[in-house]
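Please look over the chain shown below. The report is meant to be read beside it.

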Amino acid sequence: MTLLRRRGLFAVVVTLLLALGVGSPSAVGADAPWWEPTARPAADSQINVTGEPFHGTDSQGRVSGFVDAHNHVMSNEGFGGRIICGKPFSEAGIADALKDCPEHYPDGSLALFENVTGGSNGHHDPVGWPTFKSWPAHNSLSHQQNYYAWLERAWRGGQRILVNDLVTNGLLCSIYVRDRGCNEMDAIRLEARKTYEMQDYVDKIYGGKGKGFFRIVTDSTQARQVVAEGKLAVVLGVETSEPFGCRQILDAPQCSQADIDSGLDELYKLGVRSMFLCHKFDNALCGVRMDSGTIGTAVNIGQFLSTGTFWKTEKCSGPQHDNPAGNVAAPAEVTKLLPAGVKVPAYDSGAQCNTRGLTRLGEYAVKGLMKRNMMVEADHMSVKAAARTLDLVESANYPGVLSSHSWMDDGWLERVYRLGGFKASYMSSADSFDKESAATRALRQKYGVGLGYGTDMNGVGGWPGPVGPDAPNAVKYPFRSADGGSVIDRQQTGERTWDFNTDGAAQVGMVPDWIEQIRLSGGKDTVQDLLGGAESYLRTWKATELHKPAPNLAAGAAASASATEWNPITSYAAGKAVDGDTSTRWASGWSDDQWLRLDLGSSRTVGKVFLDWEQAYARAYRIEVSDDGTTWRTVWSTDGGDGGLDNAVFSPVQARYVRIHGVTRATKYGYSINEAAVYSR
């Protein structure tokens, strides 16, 4: 009998014994308290948490609890079905759910993705349940980390909100072994359906429909009720590289506004409430923040294979910057995918910004998210794309902006908080997470907000490693949860007992242990900020739902100009700046001291002017108002205009006429405005 057959026979015997109640605690009876399941399979993971979970609200109606703002519960269904091995649940039980991909047998030597990403040095024991000798692990990027019972442990330890980002990548799917097609939207649909099936599965274990801890919610009121009940509110998001087919090939977009509208409508019907517009590869919507090092070079190769272009960089125009691109060799298995003679370009270390920002289609998508009161994820956007996105949402006073796992330059953070948005930091080591938290605490205190974490489990990211049992911040078991509701011991699944000190963050059930290590690292204030995360996330979501666009006082207004550029084919008349169409524009004569005048029809309260500049923008200009169209007074001015989107905000005044008065051109051409809007504030 071969070793593989002996090992397989042993696993079968152990599973049968466990099914008969040997070696595992029996299922909890029907008289169990609300937080314990009544019909958990005998052969299953233990939770190793005792005590009633904290629930309810404080005297001011605020909930308390943690929010994982970035997780990928169902990513095993994405990427063609064979990148992440194992499932978060199975009707056939844990032995079926937590098993490796077929190509990983017998010794992991053919597990290409696992080996390229460095988790196992070329070999690993593929057996999951019940031994788990090699996986999941903090540095294994291809094995399931979100088994439902591990999520249950995170919930019992104080987590109250989970954002399940539906994720895939068509290019990675196409070049790797797979058992299904690579259409990204098909994968998103499947992952959404599986999430609802998982809710049904948990309900069955807990005694019936609606009784389980895992509750999918589609609005903030539902979520607040679930959290107040002490259960886990699950929000659906999307993080994919080419949503709605919006890839680009040699800079040509492969989607239309109609594709974006139909895609957003479909996602909303699926229950999705937050979304990334770009991820890893530049697409037809926006440029990305790029990856660094070996992974960065590998992703850049993927970008070329998907789009026909590598990342292009330039010196950053402000203090914010993207991650520096590559100049590090990728693994040979990835490099050989390039056509003969094609090489990844070398990058100037002083040029750390992606040249690509938010495209016109991207702007349409951002506006589409706002129209549907969905939250916009700023992480993974290039500096230029994030800046323009923030300009757009600021022009509408839109609060629904998220940074969910430390992929946005913190130089934008105050703009996010000022709008009413929410921030979560990546699940780094306890010390690093506490330091990152401390660096932004003053801003959180200024705006009265809590903090989230983004575990990115199943997201191919890497997680905190072990610190050792003798480390000053080593977790001492058992310990009490941060919310005081539960006592937590080492977690056991099958024959494996997990200890955060020696295993690190191998799977999502270790989140409570990680938070305890943050506390032991001197991060008591950070833990308190995290306990306020659920309330802050819900406030952002509620404000997003309630948002109604302010009326544009200049829509269709009578417009005139000092001069208009003449063109025999295209009209650049003043009215083109207020026609609601960003593909048209007003263009002035080619000289300084030009103006665009808007007649609001009657005296109105005016406090903000929004301008969408074409490439010919003003370096210096001023906003003027008038009651009679003859006598003007300046209410706002700048001599540092940089084009793009401008929000000129000033103390509200009464006026009938508004004039954008160009003083100094930034180019040899005139002044050109795609759209001008006027708001009360």
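## Basis

The model is predicted, and local features are reported only where pLDDT is at least 70.

Three strands make up an open sheet in the order 1-16-15, and their pairing is antiparallel. Strand 1 (49–50) and strand 15 (479–480) are the edge strands; each has a single partner strand, so one side of each has no neighbour in the sheet.

Strand 15 is joined to strand 16 (residues 487–488) by 2 bridges, and the two run antiparallel. Across this pairing, Phe479 lies opposite Ile488 of strand 16.

## Aromatic pairs

A pair of aromatic rings is described by the distance of the centres and the angle of the planes. The model has 24 aromatic pairs. One of them is the edge-to-face pair of Phe113 and Tyr176, with 6.3 Å centre to centre and 70° between the planes. This pair links distant parts of the chain, 63 residues apart. Phe113 belongs to helix 3 (residues 112–116), while Tyr176 is in the loop between helix 5 (170–175) and helix 6 (184–205). Both Phe113 and Tyr176 are buried.

Phe304 and Phe310 form a stacked pair, with their ring centres 4.6 Å apart and 20° between the planes. Are these two residues buried or exposed? Residues under 20% relative accessible area count as buried. Phe304 has a relative accessible area of 17%, so Phe304 is buried. Phe310 is at 12% relative accessibility and therefore counts as buried.

## An aromatic cluster

Which residues do ring pairs link into a cluster? The members are Phe89, Trp129, Phe132, Trp135, Tyr147, Tyr148, Trp150 and Tyr201.

## Charges over rings

Two contacts of a charged side chain with an aromatic ring are described here. The charged end of Arg496 sits over the ring of Trp498, at 4.1 Å from the ring centre. Lys608 has its charged end over the ring of Tyr679, at 5.3 Å from the centre of that ring.

## The annotated domain

An unreviewed UniProt entry carries the annotation "domain: F5/8 type C" for residues 546–681. In the model, residues 546–681 are 1% helix and 51% strand. The end C-alpha atoms of residues 546–681 are 17 Å apart.

Conventions:
Residues are numbered from 1 along each chain as its sequence is written. This is a predicted model: local features need pLDDT of at least 70, side-chain atom pairs count only at pLDDT 80 or more; totals for chains, interfaces and linings use all residues. Side-chain values use heavy atoms; hydrogens and water are left out. Two strands pair if DSSP finds at least two bridges between them. Helices (H or I, at least four residues) and strands (E, at least two) are DSSP runs, numbered from the N terminus. Rings of Phe, Tyr and Trp (its six-membered ring) pair if their centres lie within 6.5 Å; planes under 30 degrees apart count as stacked, over 60 as edge-to-face and the rest as tilted. Buried means under 20% relative accessible area, exposed over 50%, partly exposed in between (1.4 Å probe, protein chains only). A charge sits over a ring if NZ of Lys or CZ of Arg is within 6 Å of the ring centre and within 35 degrees of the ring normal. UniProt positions are given in the numbering used here, feature names are shortened, and annotations may be inferred rather than shown by experiment.
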